[in-house]
Amino acid sequence: MVAIPWDRMPVISEVFSADGPLARALDGFAPRAEQLLMAQAVGEAMAQRTQLVVEAGTGTGKTFAYLIPALLSGGRVVISTGTRTLQDQLFHRDLPLLSRSLGRPVKVALLKGRANYLCRHRLQLARAPVALPGFGRGFEGALAKIERWALQTTSGDISELETVPESEAIWGLVTSTRDNCLGQACPEFRDCHLVAARREAQAAQLVIVNHHLLLADLTLKEEGFGELLPGADAVVLDEAHQFPDIAAQFFGLSFAARAVQALTRDGLAELSRAGLLDASGRAELARLDEAVALPTQLLMGLPERIASEDLPAAFAECLADISRALEAVAARLDDENLEIAAVRAVGRRASELALRLDEWQQLSDEEGLRFVENSRGFVLRFTPFEVATRLKAHVLARPCAWIHTSATLAVGTDFTHYTERVGAQEALTLQIASPFDYERNAKLYLPKGLPEPSARGYTAAVLEAALPVIRAAGGRAFLLFTSHRALSEAAQYLAQTRRSDDDFPVLVQGEAPRDALLRRFRELGNAVLLATGSFWEGVDVRGSALSVVVIDKLPFVPPDDPLLKARLEALRREGKNGFMAYQLPQAVLALKQGVGRLIRATDDTGVIVLADPRLRSKGYGRAFIASLPSMPATQDLAEIQRFLQERVVPLPQRTQPS
Ligand code: SF4
């Protein structure tokens with residue numbers, strides 16, 4: 001596709017003006033200087049094919065600020081996001097709306113990861129005439145539903161089948177992985193949903209992918225990829241703050257127990273389908289299954305992340321057993337006398353897994369960390385300390401514009417932490433403050449007298465300090481914790497200290513899936529939600545249902561995390577101060593995400609409670625405060641209660657502040 005020369009394009013400022021096409025087409029559209037500034041910078045970067053890193057505060061309207069220049073350019077643009085929610089929003093809502101308002105029909109494709117598409121070949125395998133380990137009750141019913149849906153779906157996108165939730169284990173059986181896809185040797189290749197989705201993406205002007213797919217394409221790591229970027233005029237990375245960690249994973253190596261279990265299942269199914277399953281084949285696959293079960297038992301009760309040097313001595317022998325069992329399966333199935341391609345493909349997978357296992361054991365600790373993830377089956381991982389050089393080489397090899405954007409990329413006004421991690425040191429940077437009136441609509445409460453976060457009873461002290469604020473708001477609060485332990489302590493504390501006039505419902509992460517909890521929170525209007533992890537970012541609750549955000553501690557990665565320890569050691573060897581160069585900026589960016597949950601719309605009002613006393617007692621506390629939107633801070637509880645009383649929409653049955 002040939003891009004329209006930039007000087008002949010409609011002027012971006014006209015599109016965003018008070019009487020422009022957006023104002024005519026969108027209810028409630030109001031020109032925002034911040035949005036226009038970002039759109040013009042993105043347009044310029046697209047025209048000049050340069051790299052731009054933009055931090056756009058909440059409310060800038062950053063998606064429109066890159067979608068409009070992308071649409072106007074007429075060029076081919078790849079947009080990569082960190083989450084499925086944003087992918088869906090861009091594809092189903094924002095792009096149709098914008099292309100209608102501009103009167104520019106545009107071919108858009110949404111490409112999800114493999115795991116989101118039904119694999120027609122594996123669906124047939126799931127009906128293999130042999131019992132597959134790991135699938136018991138409920139399996140038959142779900143499989144029948146999938147089979148009925150498979151007859152009528154045209155996209156194969158598993159989210160279409162709402163009666164079988166995407167979290168169900170059965171989807172793992174009927175979707176493909178890079179390891180088990182037969183590629184062009186597949187009998188279903190012509191009708192494959194994944195192949196069709198990729199073809200559509202290649203033909204589209206605007207393609208929406210996620211960071212994993214973008215990296216696969218960038219590094220040509222997967223067959224069928226390497227086809228999106230070559231023709232692209234621009235790449236936009238939204239939610240770019242997630243990109244460095246995903247890239248580190250991507251340039252690393254992993255070996256999952258689950259992949260071996262899936263291989264034994266596929267071996268059983270393919271052999272039985274081909275009529276080749278005899279007693280010795282069955283025994284060999286069972287031996288492999290046992291070999292992988294043993295180290296799982298060995299790691300029981302150990303931490304969720306274990307550095308390779310801290311593994312039990314017997315673990316290495318277990319790995320050698322798995323290796324031998326994999327080689328035996330490979331020798332049996334990848335036999336040139338066997339004419340069934342699908343059986344031989346399982347054999348090849350076994351040798352590839354054996355190689356990967358061997359590689360993990362040989363990798364150098366100088367370049368990265370070898371560790372084991374120990375939750376629901378183990379995963380051996382190697383994460384390189386540095387990916388910037390490789391990323392930079394890939395980016396430079398593609399002469400198109402690269403736009404990185406997120407609400408959290410800078411520490412204070414400094415982008416170095418991000419740009420150095422992704423090898424974009426030469427990129428232009430732009431910081432756009434949130435247009436929301438934090439000075440008027442928000443307050444920062446720093447409670448007095450809290451003990452050090454390491455003290456016993458710290459979580460109870462946080463709750464004690466936060467409860468008068470929560471009561472003044474009539475509930476309507478997020479309580480964000482830095483650990484699961486603190487989360488469950490807080491849930492217990494709240495249950496035990498609940499007063500008869502505390503009429504706010506309490507929701508706790510884990511009681512229901514994330515989206516269901518958030519839906520309930522919005523519907524209730526006066527709930528208190530206790531959460532950690534994924535609730536710190538990407539959650540959008542507008543209006544008075546969320547009027548208080550309490551954060552228990554500064555979100556430093558726990559010091560015993562092996563990945564953190566290894567990164568700090570790598571930085572020390574480079575002569576850098578690991579705390580200043582890595583730990584502090586990471587924590588600042590995480591805090592910005594958490595705080596960003598409160599004010600989501602122009603008339604949102606509320607209070608941030610930052611309980612951690614280190615904000616005032618330590619010198620580095622200033623770096624956190626300086627990175628937050630500027631808002632009045634106080635230690636005076638009465639002032640906070642008054643503010644909530646006056647500014648938060650009163651509930652009819654409102655509890656008076658104590
Ligand atoms: S090509 Fe791969 S994903 Fe497509 S049907 Fe065959 S095995 Fe499944």
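**Entry 1: the model.** I am working with a predicted model.

**Entry 2: the ligand.** I looked up which residues surround the ligand. I found Cys119, Arg120, His121, Ser176, Cys181, Leu182, Gly183, Cys186, Glu188, Phe189 and Cys192. I then sorted this shell by residue class. Six residues are nonpolar, three are polar and two are charged.

**Entry 3: helix α4.** I turned to α4, which covers residues 62-73. I took its span from first C-alpha to last. The twelve residues reach 17 Å, close to the 16 Å expected at 1.5 Å a residue. Next I looked at what follows α4. Gly74 comes after the helix, and its phi is positive, near 70°.

**Entry 4: Asp94.** I went on to Asp94, which lies in helix α5, residues 84-102. Is Asp94 buried or exposed? Its relative accessible area is 2%, under the 20% cut-off, so I log Asp94 as buried. I listed its contacts, leaving out residues up to four places away in sequence. Asp94 touches Thr63, Phe64, Leu67 and Gln89. I checked one pair by distance. Asp94 and Thr63 are 31 residues apart in sequence, and their C-alpha atoms are 8.2 Å apart in space.

Conventions
Residues numbered from 1 in each chain as written. Predicted model: local features only at pLDDT ≥ 70, side-chain atom pairs only at ≥ 80, totals over all residues. Heavy atoms only, no water. Near = heavy atom within 4 Å. Nonpolar A, V, L, I, M, F, W, Y, C, P; charged D, E, K, R; others polar. Helix = DSSP H or I, 4+ residues; strand = E, 2+ residues; numbered from the N terminus. Expected span 1.5 Å × (residues − 1). Buried < 20%, exposed > 50% of the residue type's maximum accessible area, 1.4 Å probe, protein only. Contact = heavy atoms within 4.5 Å.
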